[in-house]
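Here is a short report on a protein and its ligand. Please look over the sequence and the model first.

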Amino acid sequence: MTIALDKEIISRKGFEFDEENKLAFDGCCLEKLAKKYGTPSYIFSENMIREQCQEHIKAFDKCNIDYEVLYAGKAFLVQAMAHILNEESMSLDVSSAGEIYMALEGGFPAERIYFHGNNKSKEELNFALERNVGTIIIDNFCELESLEQIANKLNKKVNIMVRIIPGVDTHTNEKIKTGQVDSKFGIPIRDFLDFFPEIITKNHLIYQGIHCHIGSQLFDMQSYHLAAKEMIETIKSIEDKYRVKTNMLNLGGGLGARYTQKDPYLSISDYVHQLVKKVKEICSKKQLAVPKLLVEPGRSIIAEAGITLYSIGAIKEIKGLKKYLIVDGGMADNPRPSLYDARYEALIVNKFGEEAVENVTVAGKYCESGDVLIDNIKLPQAECGDLLVFFTTGAYHYAMSSNYNGFPRPPVILVNKGMDGLMVKGETYQYLNQNHIIPEWLNHNGTHGAK
Ligand code: LLP
């Protein structure tokens, strides 16, 4: 028996109290998880991942349109995730051969993989074709030529889509905008029509459609509508000028997640309905058949399904100025505050419900002053050994983590209605050193270190 959480205190999906009145995520007591797996650790709710996938699919099902939902693997991909995505009938957007390999090892079908990237190496393209990856998203002219050559050599026909820069600016952090005119991703929309004959005259490449992705952490449908308009006008121009049909339109990902209660909110189903409505409306104005519509959500599927547990290891007060709670992780497991000024919320798990009495700064243990996870948060009186939970840490955390300062990455755990299991083991010092080599001339007399 679990007691529902007081919505006033915490309105986040996946949380509840267990029978001992302890805070639990997808049925698993956070304190028990911390004891079992140590801290820091990344925890993912299987049920939330599945629900977020299903919300996309259900919303599209209601729209009476041909569609495909591609999860953007760059947000978080491990073999178990690929397995879940396959079961949820999702397709997958990958950005490297490494992600293709991981997905295939996780049992994900190659034909539902879309391969992105603005500088795919020939080796990566070769690997993708050998493994029968379904579609390659062409980013630039060099890649088009390389892909044709490789497909020719392997004697394969390859489905392609082409990424376009739609010239649409968005209201988000500068570092995660991608649709603006000077973006490094894709072919400028004004050059695309002239470039188009190059695409359709390649013997081994089958033109399927066009793609754009305007940015990430977006809540503003206006930017999506503008991008849709630009893209559909391009499809119309292709038909008029070259008499070629565009089967698929991929409008990318970008729907935002809620990191703090102050963040705006747009539900997956509202986003899908508004997007499809606009696409249909523009197509009808242009007297164009509605193409198959693809979207590539990453963050909106995985961000809120993930949390991170930390322990407080030190507390430091700079009198009259600041009080630091120093946790056993930081910028190597969550680089987002230092990269994008991202804001987070956290709770002291073992003091849940106690009154918040002091303003503190939650800092990490890495050797940089910028390693601050939350600049100012009001929490109950903290002590060393307290357990902190950070919310909304599923997207671009583990995926962007590093071994800075020689720290092993934390384990990644899946929870589901009271069950818990490892998806990725925590790294060890041996693992971190497994590829290190001391060049032979440094060691010619058989000794290490100073003479
Ligand atoms: N499709 C393409 C081509 C993309 O480049 C991206 C994200 C997505 C889809 C998925 O976007 P999402 O739905 O997750 O917003 N590291 C940054 C985010 C970088 C996004 C890169 N591209 C962060 O932590 O905010």
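## Two domains

How many Å separate the centres of domain 1 and domain 2, taken over C-alpha atoms? The separation is 36 Å. The chain is assigned domain 1 (3–45 + 304–432) and domain 2 (116–297). These bounds come from an automatic or database domain assignment. Across the boundary, 10 residues of domain 1 are in contact with eight residues of domain 2, where contact means heavy atoms within 4.5 Å.

This is a predicted model: local features need pLDDT of at least 70, side-chain atom pairs count only at pLDDT 80 or more, and totals for chains, interfaces and linings use all residues. Residues are numbered from 1 along each chain as its sequence is written, and side-chain values use heavy atoms, with hydrogens and water left out.

## Where the ligand sits

The ligand lies between domain 1 and domain 2, because both give residues to the shell around it. The shell holds 19 residues, each with a heavy atom within 4 Å of the ligand. The closest are S216, E296, R299, R336 and Y396. By type, the shell has six nonpolar, seven polar and six charged residues. Gly counts as polar here, and Tyr as nonpolar.

## Polar contacts and burial

Taken alone, the ligand exposes 590 Å², and the protein buries 91% of that (Shrake-Rupley method, 1.4 Å probe).
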